Amino acid sequence: MLVKEGSLKMKRLLTCKKGFTLTEVMFAAVVTVMIIGTIMSVWLFTYRTWIEKSHQTELRMDMMKALETIKNDLRYSSLTYVSFYPNTGPPYSAISFPTAEPDENGLFALDGNGEVDWDNMLYYYIYPAGGNTMRRTVEPLTGGVEKDDATRYGQLATVVSAGAGGSGSETDDNFLVNVNIFQIIPLAPIIEFYDESSTPVRIGKVIFGWVKLGSGDHTIRFEVTGKNDLSSGYDIGIDNLMIEPSGSQREAEYYNSSFAPSGALTISGGTAGRVHDIVWSHDNYLEFDFSGEGDYAEFGDSYDLWRESSFSVASLDNTEMVDEEIHVKLDVPEGNEAGRFVWYSHVEAGDTIPGGSDGNLPGGTPVTIRTIVTPDNIDLDGDMVRVSFRSSSENPLKIGAAYITRRNANEDGFVNPDPSGKSISEYHMHQQLFFKDTYDKEAPGGTDDNVEFAFIPAGSVAWSEWTAFPLIREVSGSDVYYFITFFVPDLGSVTNWPTGWSFDAGKTDSRYWAGSSPHSYYLSNGDYTTSDLIEASGTPAWSGVYTNWTSPNDIYVTAKIDIWQTTGTVESQIFDTALSAPAYNKIKWSEVIPSGTDVVLKARSSASSFMSGATVWDSITGTSTNPDTLSIGSGRYVQFLAELTTEPFWETPKPSSLSYYNYINDQTTPPNPDYEFPVDSDGEPYV
């Protein structure tokens, strides 16, 4: 029965004749059409988008290709001969510049003047009659590039008007299609200085763009175009400006000083003030306080000018920066502070022991000793002098009086002539040295008094006070020798030693430096008077005046000579003009020169960035004429040096100041024929 029943069901299944109704068929057809339509719409949208993007990509590729071509052409050109159209000013719509073809080694051929031999002149422009198409014209240069700006502007205007160059030129009519605007404009970036903005410019070098500048005056403007909503003001600070390739930075604070030329700084709608520290750190800058949009500050300057208004990165020699000015260092060192040691006893004597050795004064005491100071062992010239004296390590020492004297009495004679019309070094040849009364041994008392004597503890040094005396190595080509003359009393008879001091006759009484030839003279009978010293004939043995001068080989007591100068220098850094053969015109300065001072400027140039081969400063005469013509060649690198000189002076109770001339004149005018050194109202010597 199971088999029969299964067979019956199968038969019924195989003989069923049911199908799709008309409604079902219509529904399926509608759905199919909708799906196909959707697919077609998506495909058409994608296709149109692809076509549009393809055109945009093609345009972008064409633009990138054009820009890369222009950039590549510019790399083989020179900014010196770039011309823009129209010549009335930016924005420009055409540009021309020369190019050169490199040889197989990648090098450019040079003409007879050592300049690049240009092969072609390139023009980029939109030809109005040719539709929205940018053209590129290459025109051969048969006679070289025109170096006159007006001529090149005329050539560019002709090509733009004609849509092609001259004979032999080639023009790409479709260099860049579909170009509506081709503009060349200088960059004028907008810089935000607000501290809390996302990209503030607090400090640093900001490049404002590039523009071709001709020689002469130009104006740079900083204008307020707006502010951050969170900012409460419009203040900015400007430290320095730099125009390249001139290269030298111009300090902004210079433009707001009395040294700047009239019209160098123009301010609209605000004020400017210099911000600086009391101690010069070269962090000075100019701060502008503007009131709103449209306010501006303009700096006017000359492009072909190399200026270093604050002598930044300069080498100062015996000069110092005070605020924004440079001064000669005339504040002499105090106490044992060093000036410039220019003479050492151990060098003069040839002793290998700089500190010397303990010994005894020749002939015993009292004794007068003259130490010979030779020009070969003087390192620098000086205008003010002080001398140090050293004692034995076993005994104290007393200096009764000391002098510095030019050795040759016949140069002008010890009795100085009338100083009028003469330079100081010609008549000031003799000076007494004074000391501080450190141990208060002269009444009425005071350790700051200037006295002619000095007490020196054992194993120590005493410095004389600074005094005006020109220590120079050469006069009119002849060497100049000097004496340091000092008197030592009978040390065993000194009764006013400072408290706690005593002299032991069984021990050495001086310090000396051993020599192999005469370096001193001593007077065996000891004392002398000022008059005797002045009347000496000046010959080494003083024959006919002192018959008992003896010449020992050693140097006694006199240890060092320290000098201070009334001349200082300021040497600039080396400027790179970035020009192969610059023409240097004039040198000038705007400083006010006070009475009694002088400025001498020197300049030099070199083809080397290290100034190798340049004339040494000592061989350059320099100029005090302002302005003056330069004759320094045409080296790419340039450097200048300023020599500043002034007279020393003393601040005294009466008169309030004493010049160098007055100081010497007081010594040489009767009733002071014997060098009775002038004193102030309190009886203090002028030193």
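Helices (H or I, at least four residues) and strands (E, at least two) are taken as DSSP runs and numbered from the N terminus. On this basis, the chain holds seven helices and 44 strands. The structure is a predicted model, in which local features need pLDDT of at least 70 and side-chain atom pairs count only at pLDDT 80 or more, whereas totals for chains, interfaces and linings use all residues. Residues are numbered from 1 along each chain as its sequence is written, and side-chain values use heavy atoms, with hydrogens and water left out.

Of the 687 residues in the chain, 38% are buried, where buried means under 20% relative accessible area, exposed over 50%, and partly exposed in between (1.4 Å probe, protein chains only). When contacts (heavy atoms within 4.5 Å) between residues at least 6 apart in sequence are considered, 75% of them join residues at least 24 apart.

A salt bridge was assigned where a side-chain nitrogen of Lys or Arg lies within 4 Å of a carboxyl oxygen of Asp or Glu, and by this rule the count comes to 13 salt bridges. One of them is found between Lys71 and Glu68, with 3.2 Å between the closest N and O atoms. Both residues belong to helix H2 (residues 22-75), where they are three residues apart, about one turn of the helix. Lys71 is partly exposed, at a relative accessible area of 40%, and Glu68 is likewise partly exposed, at 38%.

Other salt bridges connect strands. The side chains of Arg511 and Asp358 meet at 2.5 Å, N to O; because Arg511 lies in strand S32 (residues 510-513) and Asp358 in strand S18 (residues 357-359), this pair ties together parts that are 153 residues apart in sequence. Arg511 counts as buried, with 17% relative accessibility, whereas Asp358 is partly exposed, with 26%.

A further salt bridge pairs Glu643 with Lys602, the closest N and O atoms being 3.1 Å apart. Glu643 is located in strand S42 (residues 637-646) and Lys602 in strand S40 (residues 597-606), so that parts 41 residues apart in sequence are tied together by the pair. Here Glu643 is partly exposed, at 23% relative accessible area, while Lys602 is buried, at 6%.
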